[in-house]
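Look over the model first, then read on.

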Amino acid sequence: MNRRTRDTRTRTRGALAAMAAALLLGACAGNAPPAPPAPAPSASPLPDTVPTPQGLLLTADFGADTVSFADPERGTVASVTVGRAPYGMALGADGRAWVATAEGVAVVDTRTRVRVALIPYRTATGPVTDGEYRGGGMGIALSPDGAHAYVGVNVPGTTGVLEVLDTARNEVTAVVPVGRRPFDVDVSADGAEVYVTGHDSFDVTVVTADALRPRRIEVAPYGTEGGLASWLKPHYAVVRPTDGHLLLPFEGERLAVVDPRTGRTRIEPMTADTHQHGAALTPDGRLLVVGTGAVRPGDGKGPSLTVRAPDGAERVYPLQGPHEDVAVSRDGRTAYVTGGYTRDGYWNGITVVDLDTGATRRLAVGARPLGIAVL
């Protein structure tokens, strides 16, 4: 796509977003056609007395108030109630999963499949509800030593906050102001900084882990035209281990590479030409990015998974229907892409992708799964 075509597309999207502002407040993509249903679950339930096997998948079921344990070959084998509308999830080395729900942060012992705590937020977020714009936790991450959990809390109608949890005491110890609708939270490799992606404020807030001082970096490679109704916003980020830079994909066209120390952003081209959400890194440094589909018919390509090598070379694998987030198998050969999606068109399962060949298969898991981890 040449520069003139991109600029025309950007202006067209900006104008469309501005006209639709009253109807699409805070929207991040247009309605997508429903995807074909996932196959029915075929796995046998896992008895309560049996320890959780290694290698299962764990999903946050935004549509069922649960997390689901799934065999990557057979589907759901167990579910645990955690709280209303679970969104993001972080898995600790001790086997505890920290799940951001509308009610608080749920703590699940993944070995015994039991919720051991529900830690309420210190910040008032209004009525506990479901849906894309609900208040409560969104992105969540753990410090490298597991001593703290950091959860981005959406406060409808205003800016969000980062709540800091002491994982030994299971309580909130600090609250830091950040951007609007904190989709994602990431932590630097040394644990010194926390990065909060503000979807509706076009930014990343850098928070020092010791003094908890916030610093805003605008990340808007298309500009901020359209405001809350714009589709051209940041969603998820990953921290590149080689240099600590943040990688934020936009629209399958532009990768924002942010240096959190200087605040400078460099733009690299991407090729999928689709609205993009979840992102993850493989052990060998490949960037995986979930494409949800065109923002409107004829303005981009369909759902996909981009596999981007460290040198920038990309392979784009088509997917059936919108997806939201992605996790990678320990050997780096398989991706698990959740079908939950934050808008219309979601489905109850995951797509399993062979990263070498692009072969896919659909697996019934949970109910509108968003966050995902490999146990």
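## Leucine 319 and its contacts

Leucine 319 touches Pro303, Ser304, Leu305, Val337, Thr351, Val353 and Thr360, leaving aside residues up to four places away in sequence. Contact here means heavy atoms within 4.5 Å. The residue sits in the loop between strand 23 (314-318) and strand 24 (326-328). Strands (E, at least two residues) are DSSP runs, numbered from the N terminus.

Is leucine 319 buried or exposed? Leucine 319 is buried, at a relative accessible area of 9%. Buried means under 20% relative accessible area, exposed over 50%, and partly exposed in between (1.4 Å probe, protein chains only). Among the contacts of leucine 319 is Val337.

## Basis of the model

This is a predicted model, where local features need pLDDT of at least 70 and side-chain atom pairs count only at pLDDT 80 or more, while totals for chains, interfaces and linings use all residues. Residues are numbered from 1 along each chain as its sequence is written, and side-chain values use heavy atoms, with hydrogens and water left out.

## Salt bridges

How many salt bridges does the structure hold? There are 21. A salt bridge is a side-chain nitrogen of Lys or Arg within 4 Å of a carboxyl oxygen of Asp or Glu. Side chains of opposite charge can pair when their charged atoms come close.

Arginine 111 pairs with aspartate 109 at 3.2 Å, N to O. Arginine 111 is partly exposed, with 48% relative accessible area. Aspartate 109 is buried, at 14%.

## Bridges across the chain

Aspartate 200 and arginine 181 form a salt bridge at 3.6 Å, N to O. The pair links distant parts of the chain, 19 residues apart. Aspartate 200 is in the loop between strand 13 (193-198) and strand 14 (203-208). Arginine 181 is in the loop between strand 11 (171-177) and strand 12 (182-187). Both count as buried: aspartate 200 has a relative accessible area of 9%, and arginine 181 has 5%.

Arginine 308 meets glutamate 268 in a salt bridge at 2.9 Å, N to O. Arginine 308 lies in strand 22 (residues 304-308) and glutamate 268 in strand 19 (residues 265-269), so the bridge ties together parts 40 residues apart in sequence. Arginine 308 is buried, at 6% relative accessible area.

Some salt bridges share partners. They join Glu132, Arg181, Asp200, Lys233 and Arg343 into one network.

Definitions and conventions. Helices (H or I, at least four residues) and strands (E, at least two) are DSSP runs, numbered from the N terminus.
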